[in-house]
Amino acid sequence: MSALTLSTSSAATLRADAVVIGVAKGPKGPVVAAGAEAVDKAFDGKLAAVLEALGATGGEGETTKLPAPSGLKAPVVLAVGLGEAPAKDEGFAHEALRRAAGSAARALAGTKKAAFALPVEDADAAGAIAEGALLGAYSYRPAGNAAAKKNDKGAPLAEIALLGGKPRDKAFKAAAERAATVAEEVNRARDLVNMPPNELDPKAFAAAAQTAGKEFGLKVEVLDEKALLKGGFGGIMGVGRGSDAPPRLVRIGYTHPKAEKTLALVGKGITYDSGGISLKPAGHNETMKCDMAGAAAVFAAVVSAARLGLQVNVTGWLALAENMPSGSATRPGDVLKMYGGKTVEVLNTDAEGRLVLGDALARASEENPDAIVDVATLTGAMVLALGNRTFGVMGNDDAFRTSVYEIAEEVGEQAWPMPLPAELRKAMDSPVADFANMGERMGSGLLAGIFLKEFVGEGIAWAHLDIAGPAYHESAPYGYTPKGGTGSAVRTLVRLAEHTAAGDLG
Ligand code: BES
Ligand code: MN
Ligand code: ZN
């Protein structure tokens with residue numbers, strides 16, 4: 001990942017390949033944002049006029065490259081739009097800073113070092129800029145994949161120097177370090193999602209967890225297909241049995257000696273979702289390598305908690321399987337006995353996420369955590385409801401659901417609370433099992449949540465994040481969001497762990 005430094009140098013004297021400055025949308029044209037004073041001075045105070053003449057408006061995500069005048073060490077100035085100028089006495093929203101830094105970093109792919117001279121009001125603003133820049137400076141570049149290198153616009157920005165902060169101030173240092181850790185972990189989740197499904201099967205995913213476990217001192221336990229069969233994990237086995245790549249359940253645990261709370265995170269890890277015997281048609285399966293994005297987010301969040309040394313226990317559960325059709329695959333009509341004993345009639349093998357999650361939620365509940373959050377690319381219905389950028393938040397406890405939603409908002413992830421209407425439950429009644437794995441089409445994103453709720457232990461606060469929309473970004477990149485895997489929900493989970501550690505929640 002790119003290197004991040006806090007620097008006291010002036011934008012005029014720092015040796016870099018480009019200087020990034022902010023420009024906002026004012027009532028009468030573009031306004032140069034705070035932090036760019038030295039650069040504006042090198043333009044004889046005419047930077048706003050020059051930008052306006054070049055057609056810049058200060059609109060969100062807009063980037064304008066200018067040759068630097070003499071008086072600046074860097075040869076290029078990149079002006080990035082921050083959107084509407086905030087009201088007097090108010091700073092830019094952190095998400096505006098994060099996105100602008102991300103757009104700038106993307107526009108500078110192929111450049112070695114850039115100095116970011118954006119408005120830094122306080123340590124949190126510095127953290128947001130650092131995070132946005134590091135997340136924008138991402139491309140999926142697996143070792144040995146020459147094509148991936150050839151097809152992107154150049155190596156991500158290698159060095160990011162953040163100006164305008166206080167490098168020796170504790171709060172600034174902490175914000176920069178946190179941003180670097182979180183961004184690196186979001187990028188870890190993105191890499192896993194972007195990996196082709198023939199490279200990342202359940203076994204390879206479990207191996208990645210073991211490697212990270214060794215590196216960061218986490219306890220990693222892997223149940224293979226034999227252990228899953230013996231342990232009664234009928235949901236995970238039922239989904240995985242059609243594939244030549246057998247399923248896994250990974251428990252990845254971070255503990256802090258002074259922790260007072262334990263948070264359990266459960267991730268849907270379908271390394272490829274073909275639909276199984278209820279096969280998806282062409283046009284619906286090309287991106288289904290992303291169906292393990294929930295497990296990737298959970299994995300990255302547990303590693304983040306460890307790297308940040310948070311005073312909370314965080315247990316990740318990765319429910320890993322490949323959903324394939326074959327002579328050994330589960331058929332529509334089969335009845336599975338889930339972990340904990342409940343039976344499920346499988347009416348549609350493409351509703352497989354809830355089957356692997358049901359087992360994992362029941363297993364996670366046995367340890368009686370203070371709260372459980374599951375993350376899953378669960379339903380197309382959630383994408384229809386909320387679009388491609390917003391995840392749905394459901395749960396069995398309104399206060400906890402609201403907290404998770406507010407935390408998402410706090411870190412700049414788009415989310416929205418959704419209900420679990422009790423009357424939808426009876427649509428899953430089955431004549432041969434405790435319930436079926438699908439019901440009516442209407443409200444089917446909520447129905448999936450109601451199914452999951454059956455597996456959450458009595459009295460445990462639980463939230464369900466359906467990230468089917470934002471997990472995988474198919475259109476043009478924007479802000480710090482690249483094409484492909486986005487790392488959706490990682491930042492929300494990390495902040496949730498931080499709040500839990502601080503005792504801010506229930
Ligand atoms: N993995 C899909 C959901 C999905 C859709 C994720 C689009 C990302 C983008 C899930 O396993 C699925 O197939 N769900 C079905 C459930 C249905 C058969 C009850 C769906 O949403 O259509
Ligand atoms: Mn499916
Ligand atoms: Zn799926």
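# Close-up views of cavities, pockets and helix packing

The lining of the largest cavity comprises seven nonpolar, eight polar and six charged residues. The structure shown in every view is a predicted model.

**Figure 1. The largest cavity and its lining.** The volume of the largest cavity is about 260 Å³. This cavity belongs to a set of three in the structure that reach 30 Å³ or more. Its lining is made up of 21 residues, and those nearest the centre of the cavity are E413, Y478, Y480, T481 and R491. Two helices, α3 (94–107) and α6 (170–194), each contribute at least two residues to the lining of the largest cavity.

**Figure 2. The largest pocket and the elements around it.** A volume of about 1100 Å³ is computed for the largest pocket. The pocket is lined by 37 residues, with K280, M288, T379, G380 and A381 closest to its centre. Two or more lining residues come from each of the elements β10 (262–273), α12 (380–386), α14 (444–453) and β19 (472–473). The greatest contribution is that of α12, which supplies four residues to the lining of the largest pocket. Sorted by class, the residues that line the largest pocket are twelve nonpolar, 13 polar and twelve charged.

**Figure 3. Packing of helices α3 and α4.** The axis of α3 comes within 7 Å of the axis of helix α4 (residues 123–136), and the two cross at roughly 35°. The crossing of α3 with α4 is right-handed. On the α3 side, the contact is formed by H94, L97, R98, A101, G102, A105 and R106, which meet D124, A125, A128, I129, E131, G132, A133 and G136 of α4. Seven nonpolar, four polar and four charged residues make up this contact between α3 and α4.

**Figure 4. Packing of helices α10 and α15.** Helix α10 (residues 293–308) and helix α15 (residues 490–501) have axes that come within 9 Å and cross at roughly 40°. The two helices, α10 and α15, are therefore oblique to each other. Helix α10 passes α15 in a right-handed crossing. From α10, the residues A297, V298, A300, A301, S304 and L308 meet V490, L493, V494 and E498 of α15. The contact of α10 with α15 contains eight nonpolar residues, one polar residue and one charged residue.

**Figure 5. Packing of helices α13 and α15.** The axes of helix α13 (residues 398–411) and α15 lie 9 Å apart, and the helices pack at an angle of about 115°. The crossing in which α13 passes α15 is right-handed. Residues F400, V404, I407, A408, E410 and V411 of α13 are in contact with R491, T492, R495, L496 and H499 of α15. In the contact of α13 with α15, six residues are nonpolar, two are polar and three are charged. R491, which meets α13 from α15, is also among the residues that lie nearest the centre of the largest cavity.

Notes: Residues numbered from 1 in each chain as written. Chains lettered and ligands numbered in written order. Predicted model: local features only at pLDDT ≥ 70, side-chain atom pairs only at ≥ 80, totals over all residues. Heavy atoms only, no water. Axes fitted to C-alpha atoms, helices over the stretch in contact; angles between N-to-C directions. Parallel < 35°, antiparallel > 145°, perpendicular 65-115°, else oblique. Left-handed = near helix turned anticlockwise from the far one by under 90°. Contact = heavy atoms within 4.5 Å. Nonpolar A, V, L, I, M, F, W, Y, C, P; charged D, E, K, R; others polar. 1 Å grid on protein atoms, 1.4 Å probe; cavity = no way out; pocket = protein on both sides within 12 Å on 5 of 7 lines; lining within 4 Å. Points joined across faces, edges and corners; volume = space filled by probe spheres on them.
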